[in-house]
Amino acid sequence: MEYTSPVLDCPSAIANGSDGPFLNLFGELGGGPPVASQFPVGLPACHPTQGAKDKACACPDRQVCYQALSEWHMRRGQYQRPDVTVYDRLDIARRFHTSDRSWGEVTGMAREYGLSRPAIYDIAKRVSVLFEPRLPGPVPCLKRLLPCGATLSRPVTEAKTRSRAEEEQIRNRLILTSVFPGGVTMRPLEEILAEAPLEGRSDTTIWRVVEEAGAEACQILSQVDYAGVSLPLILVDIDETFFDGRPVLFVVEPISLALCGFHVPADGDRSSYTWGPLLLTLQEDQHLAICGGVGDAAKPYPGAFQAILERDDRFQEDVFHQLRDLQILRRKLERSAYRAFAAEYKAAKQWQKEGTAEAGQKLSQARAKSLRLAEVHDEFAEYCTWVADAFEIVDLPSGEIRDRKTNEWLLDKAIAAMSHLDHDDVIKMSERLDTHKEHLLIYLDWLEAQLSPLRAALHAYLDDPALEKVVLQAVAHRWRLQHEIESMQRRAFRPTLKRAEQELAIWIEGDALLEQWSHKLHTLLEWVQRASSAVENVNSIFKPLVTRKKHFDKPDTFLNFVALFTLWHNLRVFKEGKRTGSSPFDILGIDLGEKDWRTLLGYPPVQ
């Protein structure tokens, strides 16, 4: 690194206004220490070798001179103790830092040079600074005065100026990052850009960048080929959400949480005539091998899947909404029962106060009503557990994999029992379950179709029905407990899961074929979908980001915004959970050539 001096390289003492000698720290020390000064007053050279040439020349050691002085206090070119020369100070440091320094050496040096003990320590410390390793460049604690008298300036550094294209890249990346995942709206984004030394901070520029990036994202996503997806079977979750009166259709692959398809109908149509073409485009043009779908009870869904897959057993109705509505009704019955109990207590107090026949009749009626509502609640709560059990894939206590016949029988029993309860809302719920029963257990048909080959492979290897059942239930039981812990967040099952893993290891550990078979069964159970939780998850991410917007002028503008969200979501890396460290497209095995979604849109980071 080069250093420059704003004054003469070797000025004289008079030119620098000093009435004392100048120091030459790096002069010849072989001839012994000088008495008062290193150079005669007014000598124009900074070093003896320069004086020998009888002319002024540039100081070759200006950087070393600058670093050598450290924080030593200078008074017009002199130390506070000019009689303690540089040679003396170096000798003090040598004797102080020697490895075999004798006891009392510091006190002896203090007497010898007429200094205090702290002064001895300070001199030794300041000299040691010269030998500490450090990066090249000016040290803030050092004086900017050379022994030759010249003042040392800071090193000249050239400020890197960015081109206009680089500034636009920085601005556009900042805008896109603020929108996704920041969710920043127009006015706050203008204030953020106002703090950056960048041009183009108006609302028009911001919206133009977002609109152009959204249109580019639309093109990128329309060219994604799902033919190389690493999953053996592909189910999709479908749902619709609304903003500003416009519907948004989402198609999500639940294993990876990838948002494979989206659409904003310009006419607002949400029928099977809109869903069918969207699913068909994914299947035919982008080669997404859909084998079934899961969604809520919307009427267009079964018809859309039947049209593209030409089968009526390809749509599974979401069981989550049924279980949620059952719990809502149960809490409603509970509140009704508590209100009836409160009315009974009030009637009892009135009867105790008045003791009339009318008050006694009111008490009897209130008691009968509260008893009836309490019985209805208790019985309905029990039947709700039957329905929940009828939707299970694996039995929690035993690990037995359910079949449709068993679960359908249990569901029919629950529906029949509800229909006999003396409450209109409960009867309506039983009729609703009976109506939707056909599509609520489709997932068990899918499971049986994929489980049969695995059962056959296990039988061919073990040829022992009893042992086969034990191994099958051990693997399924381990999966069921993992599901309770990871998906349902029930951490109390962790000790039970540990015991289940130990039990499974007894049967399959060390057997490569059984370990591989266990992994396949575990994957199959993960693949089976009963609820559209994945698309609801995506909705929960999308809604906060879009509700901050006031409106979109045109459907195409809204479509571009949704496309930008989709590209960001599919390339974002999960920070926690079972997908940690991977993006949705990583899990599907899709490579777009770039991991950063902003770089993919043409805005790489500027170095």
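Leu257 counts as buried, at 4% relative accessibility (buried means under 20% relative accessible area, exposed over 50%, partly exposed in between, with a 1.4 Å probe and protein chains only). This is a predicted model, in which local features need pLDDT of at least 70, side-chain atom pairs count only at pLDDT 80 or more, and totals for chains, interfaces and linings use all residues. Residues are numbered from 1 along each chain as its sequence is written, and side-chain values use heavy atoms, with hydrogens and water left out.

**Backbone: positive phi**

- Leu257 is not a glycine, yet has a positive phi of about 65 degrees.
- The loop between strand 2 and strand 3 (258-263) holds Leu257; helices (H or I, at least four residues) and strands (E, at least two) are DSSP runs, numbered from the N terminus.
- Asp244, also not a glycine, has a positive phi of about 55 degrees.
- Asp244 sits in the loop between strand 1 (234-243) and strand 2 (246-253), and is partly exposed because its relative accessible area is 42%.

**Backbone: cis peptide**

- Phe180 and Pro181 are joined by a cis peptide bond with omega of about 5 degrees.
- Pro181 belongs to the loop between helix 6 (164-179) and helix 7 (186-194).

**Surface**

- Val470, Ile506 and Trp507 make a nonpolar surface patch of about 280 Å².
- Patches are made of residues with over 30% relative accessible area and no salt bridge, where like charges are joined within 9 Å and nonpolar side chains (Val, Leu, Ile, Met, Phe, Trp, Tyr) within 5 Å; a salt bridge is a side-chain nitrogen of Lys or Arg within 4 Å of a carboxyl oxygen of Asp or Glu.
- Trp507 is in helix 17 (residues 494-508) and counts as partly exposed, at 35% relative accessibility.

Methods. Areas by Shrake-Rupley, 256 points an atom, 1.4 Å probe, with all protein chains shown as cover.
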